[in-house]
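Thanks for coming. I will go through one structure, starting with its sheet and then turning to its salt bridges.

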Amino acid sequence: MEKGIVVELIRGSTNLTKVVEDIVKLEKKTFPKHESLAQTFDAELRKRNAGLLYVEADGETVGYVMYSWPSSLSASITKLAVKENWRRQGHGEALLRAAIEKCRSRKVQRVSLHVDPTRTSAVTLYKKLGFQVDCLVKSYYSTDRDAYRMYLDFDDSI
C-alpha cells in the first residue's frame, strides 16, 4: 500500500467528478443518513469560505476533511473520514494537520469541531493535535447522541 498524498480539491480539476463520487460514497458509508452531506455535497463545495482536502493512495481517494472559516476569528472542521481499510495508517492525522494549517494561514484564532464521544479514536487524534474539550453538547446528533465541542486556539507568537 502506498503512503498517500494530501491534495486540495480544486473546482475545474480533471479528476473532480471521480473524487467527489468517491467522497460521497465514503460519506454515506461513514455517517448516519441524517448526518451525511452526501445529498448537499456540491452545495457545500461551492461555499466561498470552505475547503476540502483528500488523501489519494494507490489510485483511490481514501479519506477527506472539510473545513470552513465563517469569520476572520474562527474556523471549523466540518467532516473528517477515512475508509475503514485505510485507518490507523496516519491518513486522518495528515488530513487534520493539513486542514489546521489551511485554517492557520487564514489567520483565524480558533478552530473548532464536534465529535461523538464514543468515537474514541477520533477524540484521541484531536487531543493529540492539541484540541481541548470545551463542553458536552447534549443531543447534538440526535436525541440519544451527544457531542464534544472541541477547540484549538492558535498562539499569536506562532
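This is a predicted model: local features need pLDDT of at least 70, side-chain atom pairs count only at pLDDT 80 or more; totals for chains, interfaces and linings use all residues.

How many bridges join E1 to strand E2, and do these strands run parallel or antiparallel? There are 4 bridges between E1 and strand E2, residues 50-57, and the two run antiparallel.

Residues are numbered from 1 along each chain as its sequence is written, and side-chain values use heavy atoms, with hydrogens and water left out. Helices (H or I, at least four residues) and strands (E, at least two) are DSSP runs, numbered from the N terminus. Two strands pair if DSSP finds at least two bridges between them.

Now the sheet as a whole. It is open, has 7 strands in the order E1-E2-E3-E4-E5-E7-E6, and its pairing is mixed. Strand E1 (5-8) and strand E6 (132-142) are the edges, each pairing on one side only. On average, neighbouring strands are turned by 25° against each other, direction ignored. Helix H1, residues 16-30, packs on this sheet and touches E2, strand E3 (60-68) and strand E4 (74-82); contact means heavy atoms within 4.5 Å. The direction of H1 makes about 80° with that of E3. Axes are lines fitted to C-alpha atoms, for helices over the stretch in contact, and angles run from 0 to 180 degrees between N-to-C directions.

Next, salt bridges: a side-chain nitrogen of Lys or Arg within 4 Å of a carboxyl oxygen of Asp or Glu. The count is 11. In one of them, Lys83 and Glu60 meet at 2.8 Å, N to O. Lys83 lies in the loop between E4 and helix H3 (91-105) and Glu60 in strand E3, so the pair ties together parts 23 residues apart in sequence.

Which residue forms a salt bridge with Asp116? That is Arg145, with the closest N and O atoms 2.7 Å apart. Asp116 sits in the loop between strand E5 (110-115) and helix H4 (120-128), while Arg145 is in strand E7 (residues 145-153), 29 residues apart. Asp116 counts as buried at 7% relative accessibility, and Arg145 counts as buried at 18%. Buried means under 20% relative accessible area, exposed over 50%, partly exposed in between (1.4 Å probe, protein chains only).
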